Each structure stands twice: as C-alpha cells, then as structure tokens.
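User: I'm new to this one. Can you walk me through it?

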There are 2 protein chains.
Amino acid sequence: MTAAAVPVQVPVELGDRRYTIWIAPGLLHEPAAWQGLPRAATALIVSNDVVAPLYADALAAALASHYGQVGRVQLPDGEAHKDWPALNRIFDTLLADAADRDTVLFALGGGVVGDMTGFAAACYMRGVPLVQVPTTLLAQVDSSVGGKTAINHPLGKNMIGAFHQPARVVCDLATLATLPAREISAGLAEVIKYGPIADAAFFDWLETHLDAVRALEPAALTHAVQRSCEVKARIVAADEREAGQRAWLNFGHTFGHAIEAGMGWGAWLHGEAVGAGMCMAAELSRRLGLIDAATVARIIALVARAGLPTRGPALRELTIAAHLHHMRVDKKAQAGALRFVVLTELGAARLQAVDEALVRETLAACCD
Amino acid sequence: MTAAAVPVQVPVELGDRRYTIWIAPGLLHEPAAWQGLPRAATALIVSNDVVAPLYADALAAALASHYGQVGRVQLPDGEAHKDWPALNRIFDTLLADAADRDTVLFALGGGVVGDMTGFAAACYMRGVPLVQVPTTLLAQVDSSVGGKTAINHPLGKNMIGAFHQPARVVCDLATLATLPAREISAGLAEVIKYGPIADAAFFDWLETHLDAVRALEPAALTHAVQRSCEVKARIVAADEREAGQRAWLNFGHTFGHAIEAGMGWGAWLHGEAVGAGMCMAAELSRRLGLIDAATVARIIALVARAGLPTRGPALRELTIAAHLHHMRVDKKAQAGALRFVVLTELGAARLQAVDEALVRETLAACCD
C-alpha cells in the first residue's frame, strides 16, 4: 500500500449535517484529508494505549497546521473500559485545558475509542465537533459511520449514548496492516453483512474476492470498505434515528448480542458473535419460509471463509433460556417481545417479531 | 388557586419536535393535561426527596390510566447532587425495570431534577421521550423550556449535557404554594430577565404587578409565567442550539456565574446571582454607552423589589481577579475572550466581547 492512491470519498447525505468518508491507504500523511475541517483554537486526539503509540504522532502532525493546540488523551484499551470513568478522562482533559465549545475531538482507534469519543463530543458543553479516524476494519466499515455513540452500563451494552454525526470520517487503510488477523476477521463480519441485507451483487463480489480482502490487497480492500460505507451511508441517510430500515444493520446482532453478553463480554469478539449470529438469523429466515437452504449455505460458507465461527456456543455453556434472556434485554427489544432482522431474499431484510418457539428451534439447530 | 382555571397553552415551534407548555393552577389534577402524550408500556417519574412526598402520588395518579407501569426514582435534593452518581440512579432503575426505547420519563421538580431527567432521557438508549413537570418558579419560566439538559463536572457547571426537547411541559402553578419565599424571588430573576432582553412592555407590566406575582396572585402569576414562556419559546424556536440570539437568555448570567462559582455553589441561589448579575450587566451596558442611567436604575429597582440582591459580593470575599477567572472558564467564553450579553435598549440585547478593563471597572462599581 502506498500513499499515492487517489482517495475514495463517500458522502453521507444528512442535510446540514452532511459529511464525507475518505478512504485510501496513507491518509494520515495526505494533507488533503485534513483540510476544510471545523476551525477551532484547539483539537484533542483521543486514542488508546495500543493505537496511540502507532499513529497519534502522525495524526498530530497532520493537524498541527490547522489547530493552535493539539492535546491528547490515551484511554485504556478494550470494551471493559467503555465506561463512565474512562469517558470522564476525556472531560477532565477538556476542562483542564479550558477547551471551549469549538474544540474538535478526533477519535483515533477502533469502535470503543470511536463510541466513547463520539459520546464525549455529543455531551461536552452539549456538543462539539467530532472527526472519526478509525484504525480497525470494523470501525472503518461500520461503527465510525452513522453517528451512533455510547458507553456501556453494568446492566447493558451501549445503553447510554447519543446520535452525534461526525464532521468527517478518515479511513487510512494502511493502519489495518498492524491489526491482528483475528480483528480483520471480526471486521469482515460487518462487511459481509451488507450483502444479505441490501446488496446481493456485493455478496457475489465478496464470494470472489474475500481472500484478497482478507489479505489486505489494496484494490480489493478499498472496494470492500467503500461499498460497505456506501450501503451504510445510504441506510443512515434514509433513517438516521433508526425508526425503520436502519434496524437492518442489526442483522445477526440479536443472536450475536446474546452470545457476547452470555459468554461474558470479550470472550467472543463482536464480529465473531455477529458472524455466528448472521448464520443463525439466516437459518431463522429459512425456518420462516423466507429464503431457501442454498442461500443459508452461501452465507455460512462466506462467514467461514472470513475466519469466523458459523455456529453459536455449546448449549451446555449458554443455555437456550440464557440466550432468550439476553435477547429480551437487548436495546432492540420492545416491551419484551423478540424481534429479529430476517432476510426476505439475499439482498433484502426486514424487522419482525418471531415466536419464541421458532427462536428456540433455531438456537437448538445452530448451537453445538 | 383552583383547578377550574382554563389552562394556558404556549406552543414551542420546533418543526417535528414542536411541543406545548401548559400553564394553570391545578394541572396535576386536570386530565386534559396528560392526554396525547407519547404512548409506551412504561413511564418513570423522577423527582427528589423534597418534591416527591408532596406531588409524586398526584402525578402517578394522573398517569395511571395512560401507562401500564409507572415507576419512580427519588434523587437527593440539591445542585450538589447534579452529578454522575445521581444520574446513574436513573439509568439503574430503567435497566432494572427493563425499560425499553419507548419509555417516557417525567421530571417532577425544579431545575436540577429537570436537567438530570432530561439528560437521562437524552442518553438512555440514545434518547427516549421526556415530559417536564416543573414545580419551582425558576423551572417553570426558564429551565424546563428549551431542551437544555446537563449535569455538572467537578471542574464546571452544566459542562456535560445535551439538547433534548421535551414532548410537553406541564406547569401546575399550584405547586408554587409550597415553595419557600427565597425560591420565589430566585425564580423572579428569570422572569424579570425577559423584559430587558426582549420585551419592554412586559418590563413595564412587571413594574406594576411584581408584588402580585410575588404573592402568587393567580391572574398575575399566570400572566408572568405565560409571558416568560412565550418569550423563551420564541427565542428557542429561532435558535435552538444557541448559535445566535438564544445567548441573550444568558443576560446577567456571566456575572452571575462568577458569583455562584466563586462563592461556592449553593451559597447564592442561581436566581440571586442572576439578579445581581443583571444589575451588573446593565451597568456594563451603560458604561459601553448603550443605555442610560435611568434604565439601569429601573432594572436595579425591579430586582430589589423581587427580594433579590442588586450588588455583587464584597470584593474582599471574591476579588476582581477571581471574578475574571470564573468568567473565562464559563461555557459561554470563546478562546478565553470575555463576552457578555449587553442591552442596546430596554427590550433589546446582543452578545459582544468586552475589554477586560471595562469589566474590572464594572465589578469595582457593582460589588461592595
């Protein structure tokens, strides 16, 4: 990968909060990617213990000519620290620096850093500008786009948060070179997701190019990130606050949520749980008579090729009752009813209530 | 006061987030005031140790026929508890009750309860509906209207918050009968404020009727609350996010902020600090050559008749340097510059940067 590639720019059409996702290898060193951002006296780079040593100097250098003062906060790494004390470190730094209402926050890292920095930007003085600089595949194709921000509560993940759209998203694909293979696979779960819910042609393309994407081959990687962002941008633009089709983005996530919560956060990566969850949601769709067995098999095969689990945890480790409990307390539940994103064909989804009996059958069939 | 008065309804025109402020004595017992609210399986009444024993049963009774489950949270009273641990008690209760995305939060109390419940509603699952039921004069004429919500940070008041408009504001004027006289005076500071910044005729009316309002005479009280809400609603509708004229509502608040922060939060009530702050801001406006001494004298006289201080604290207690320090870290500061809402005439305001020397002179003249 070189810095010479022409950056792809994907617009997210949200009226006066319209913004652009920049995608290319080497963007941390590309001056054009940092021009035209909100002006301010100060900027703050929020990152974590793993990412900051790798990329914070490069980002600070890119911002030096745009902001008089560029501060830094380094959060502890990991979902376990997506909580109030870590969030408060961002506020402490902003207030100690007397950061004003114009201060721009830069989220440099994966989904946790993006969610926390985004929520801090949403709340600091009731809202300051945010720029997402995602350095994981999962963040580049999913969590950095669309304005969802949150922290966890001991009784539930992402329960406290806000919608706060970034002013820009800058995806430097070169940062993925330092990402462990397991994290690449986890990110691919969200890439694959866009096919079944919205784009059958992209699913076909992935069946041909998945190995190249997984190997971070620049052209394939760029297309995969671009197409993922395009689909997500289209859905977010149509339904910013998740009143309708934005819920499709949760395909595989209700089953996945039960796995993550039930097995203990962190035991399965989010993308791993979503990988297995998509296979389960596809099987549920088949049992509802919506798609055929061949389509389910194609989804399972692609998830497997991404290096992801295709089945849920052993039922002796996480019982059906435990699965159901975690699904009912999920944010997506409504008055305790079980609702799932199901496929009506490859490339089309809908949200629907499902009888508990059918969910139990699906869990029994899809877990060991 | 009786429950028979026809409720006044003041609209806040915010497009698809349009809502109505209901104003009358006895609304807690008026079924019409509780019809047409957002539908949900559950509602949660958030109040505090002082207000809940007085009015929570009446509110729960009013809501019983609209929501299947009406929960309650009782927060500790006072600005000192406008913090994360108290906020988290709301989240704890919501999650323990498995409250979903439709749950409606009711803020029953003064400004602290309203700010905290509002911020909880803004953040819980990224936003649930909110109804404000203010029981102090200050909350009825100011803080419950306009969607500003926040908690305090050890390094600054209202530093962490959100804009989250309520679905309705219900001002039962009968609840003011249990309010201490000092709190009535504090609320009158914000009532008086609307005259100098936006409505000279209302200022004239207050000069005639202030004693009746202070005595909670129903017709005068209703008009004072109604006109205050009308002015605030007009300003908020024109500038929801405080990009321009909404800043006028901070008339007297920059000086007042320095008093509150400098004397220790709670030593002066917010309204008391704003009362003195308005006299200081009027004097600053005069020294800028914008208004005459007679106008300053009228403002000082009305603030005094409301039972509020008209001068700042003794400079030996809070030095000019300390005043300036607290003004510079106020949210309204920008890149460290001192900015004030000043009057260009009685009934018209603007925000402008002011030289430190003139601020020093004003402080010297207006503090003992």
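Predicted model: local features only at pLDDT ≥ 70, side-chain atom pairs only at ≥ 80, totals over all residues.

User: How many residues are in contact between chain A and chain B?

Analyst: On chain A there are 30, in contact with 28 residues of chain B.

User: Which parts of chain A supply that side?

Analyst: Helix H2 (84-96), helix H3 (111-123), strand S7 (148-153) and strand S8 (156-163) of chain A each give at least two residues. The largest share comes from S8(A), with 6 residues.

User: And how do the residues on that side of chain A divide?

Analyst: Into 19 nonpolar, 5 polar and 6 charged.

User: Switching to the inside. Which residues have the most contacts in the largest nonpolar core?

Analyst: A:Val46, A:Phe106 and A:Leu108, along with B:Val46, B:Phe106 and B:Leu108. That core has 252 residues.

User: Pick one. What is B:Val46 in contact with, leaving aside neighbours within four places in sequence?

Analyst: Its partners include B:Val73, B:Leu75, B:Ile90, B:Phe106, B:Leu108 and B:Val113. B:Thr117 is another one of them.

User: Over to chain A. Where is A:Leu75, and is it buried or exposed?

Analyst: A:Leu75 is in strand S4 (residues 69-75) of chain A. A:Leu75 is buried, because 23 other C-beta atoms lie within 10 Å and the cut-off is 20 or more.

User: Which residues does A:Leu75 contact, beyond its neighbours within four places in sequence?

Analyst: A:Val46, A:Asn48, A:His81, A:Ala86, A:Arg89, A:Val113 and A:Met116.

User: How far apart are A:Leu75 and A:Val50?

Analyst: They are 25 residues apart in sequence. In space, C-alpha to C-alpha, they are 9.3 Å apart.

User: Last topic, helices. At what angle do H5 and H9 of chain A pack?

Analyst: At about 35 degrees, with their axes 7 Å apart. H5 covers residues 181-198 and H9 covers residues 270-287. The crossing of H5(A) past H9(A) is left-handed.

User: Which residues meet there?

Analyst: From H5(A), they include A:Ser185, A:Ala189, A:Glu190 and A:Pro196. From H9(A), they include A:His270, A:Val274 and A:Met278. The residues of this contact divide into 5 nonpolar, 5 polar and 3 charged.

Notes: Residues numbered from 1 in each chain as written. Chains lettered and ligands numbered in written order. Axes fitted to C-alpha atoms, helices over the stretch in contact; angles between N-to-C directions. Helix = DSSP H or I, 4+ residues; strand = E, 2+ residues; numbered from the N terminus. Left-handed = near helix turned anticlockwise from the far one by under 90°. Contact = placed C-beta atoms within 7 Å. Nonpolar A, V, L, I, M, F, W, Y, C, P; charged D, E, K, R; others polar. Core = buried A, V, L, I, M, F, W, Y, C linked by C-beta atoms within 7 Å. Buried ≥ 20, exposed ≤ 12 C-beta atoms within 10 Å, placed from the backbone.
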